[in-house]
Amino acid sequence: MAFNDKTIAPPDGGAIVLPGEEPKALASMGRRFPALDLLRVVAIIAVISCHSLPGEMQERLWKDLPMVAFISTLFILSGALLLPVSETLGVFFRKRLKRVFIPLAIWSVVYAAVYYFQGERTLLETVKSFRDILFRSNFPPGWFCYAIGGIYLFAPVISPWLRQAGRRQIEIYLFVWLISLNIPYFGIKTDISAGFFAMFYNCMGYCVAGVYLVHYAIPRPPSWKIWLPALLIVTVYPLYTRLHNGWQGYAEAYYVTPNCAEAALGIPLFILFWKLFGGWKQLASPALPTSGQSAASMRSKLSAMFDAILRELSLDSFGVYLIHWLFIFHILYPYFPGWHPSWATYLLTLAVCFPAAALLRRLPLIGPYLM
């Protein structure tokens with residue numbers, strides 16, 4: 001964030017965006033935000049818990065709750081990091097799209113081969129899965145790649161508006177978006193595998209929320225007269241449907257990811273991590289110089305070590321997400337009889353997939369393109 005020459009102290013309710021300034025993508029500031037690294041790691045761990053712990057139907061409502069809450073925080077985080085786009089279109093697309101399209105292509109081939117050789121798909125079904133790759137994922141974790149790809153495609157489109165829009169215009173957009181998330185409950189359904197363009201209207205609202213929360217709502221609290229009713233509207237009926245009808249009834253009423261329950265739960269979760277772990281203070285302060293400071297003014301070596309470990313785990317988290325399904329359902333269960341959804345499976349998956357992702361990411365030549 002650009003600041004004037006004079007020092008700006010961030011009081012508890014202090015403003016991050018100064019008069020005349022525009023929001024700036026956090027990724028363009030050349031700094032790591034440990035609060036966001038931690039949020040990304042916890043979110044991936046929550047997703048894996050949903051896929052490896054036991055529980056059916058009504059029990060799943062509570063087992064899936066951490067994943068439901070944290071999925072939307074990943075999109076809010078993406079918006080805070082990427083929007084508004086400051087690079088040229090060429091630079092942005094070269095940098096961002098290769099990070100999702102190339103891993104998507106590679107892992108689509110890997111999963112397709114596994115499905116074919118394990119007898120889950122015929123050769124014709126495998127060929128059709130590649131024919132339709134622009135519109136639907138051929139492996140379950142792939143839907144997230146489509147969501148992120150859709151965000152990347154539309155990020156440059158929405159960025160000029162975000163740079164010039166005031167806080168009130170963004171609030172109006174988010175209010176309409178929150179209300180619109182209830183539409184499927186009135187008989188209009190969509191599908192999480194509908195491709196990049198469907199993910200634009202599903203997920204872009206979360207990204208705009210990320211910009212709004214980091215630059216406006218957290219530094220200068222929003223009007224709860226507006227947002228409390230909005231959050232109640234998008235929470236009460238979906239949660240009632242989920243608890244009253246069970247998981248199947250809920251999914252039939254609203255088969256879209258993310259959904260309005262996730263919006264209501266993810267927004268306060270993001271605020272909690274950003275506030276509790278100091279992201280907002282870090283944003284409001286000038287970047288720390290790398291040298292010339294006394295030991296008393298520098299962070300402790302222990303804190304710096306923790307941040308470094310957290311950064312590595314964060315960089316590995318996307319790879320962990322891509323390979324955990326392969327490990328659980330196509331290696332562990334088929335070839336090691338006796339394993340079933342349990343806490344042991346959950347812990348083993350974390351213990352195997354994080355080191356595996358770290359090793360794959362460091363492979364010469366192909367490592368950077370795998371995740």
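## Overall composition

Of the 371 residues in the protein chain, 50% are buried (under 20% relative accessible area, 1.4 Å probe, protein chains only). This is a predicted model, in which local features need pLDDT of at least 70 and side-chain atom pairs count only at pLDDT 80 or more, while totals for chains, interfaces and linings use all residues. Residues are numbered from 1 along each chain as its sequence is written, and side-chain values use heavy atoms, with hydrogens and water left out.

The protein chain has 15 helices and 0 strands (DSSP runs, H or I of at least four residues and E of at least two, numbered from the N terminus). Among contacts (heavy atoms within 4.5 Å) with a separation of 6 or more, 82% join residues 24 or more positions apart.

## Helices α3 and α6

Helix α3 (residues 65–82) and helix α6 (residues 143–164) have axes that come within 11 Å and cross at roughly 30 degrees (lines fitted to C-alpha atoms over the stretch in contact; angles run from 0 to 180 degrees between N-to-C directions). That makes α3 roughly parallel to α6 (angles under 35 degrees).

On the α3 side the contact is made by I71, L74, F75, S78 and L82, and on the α6 side by W143, F144, A147, I148, I151 and Y152. By class, 10 of these residues are nonpolar, 1 is polar and none is charged.

## Helices α4 and α5

The axes of helix α4 (residues 89–117) and helix α5 (residues 123–131) come within 10 Å and cross at roughly 165 degrees. The two helices are therefore roughly antiparallel (over 145 degrees).

S108, V109, A112 and Y116 of α4 meet L123, T126 and F130 of α5 in this contact. Its residues divide into 5 nonpolar, 2 polar and no charged.

Key:
Angles under 35 degrees count as roughly parallel, over 145 as roughly antiparallel, 65 to 115 as roughly perpendicular and the rest as oblique. Ala, Val, Leu, Ile, Met, Phe, Trp, Tyr, Cys and Pro count as nonpolar, Asp, Glu, Lys and Arg as charged, and the others, Gly among them, as polar.
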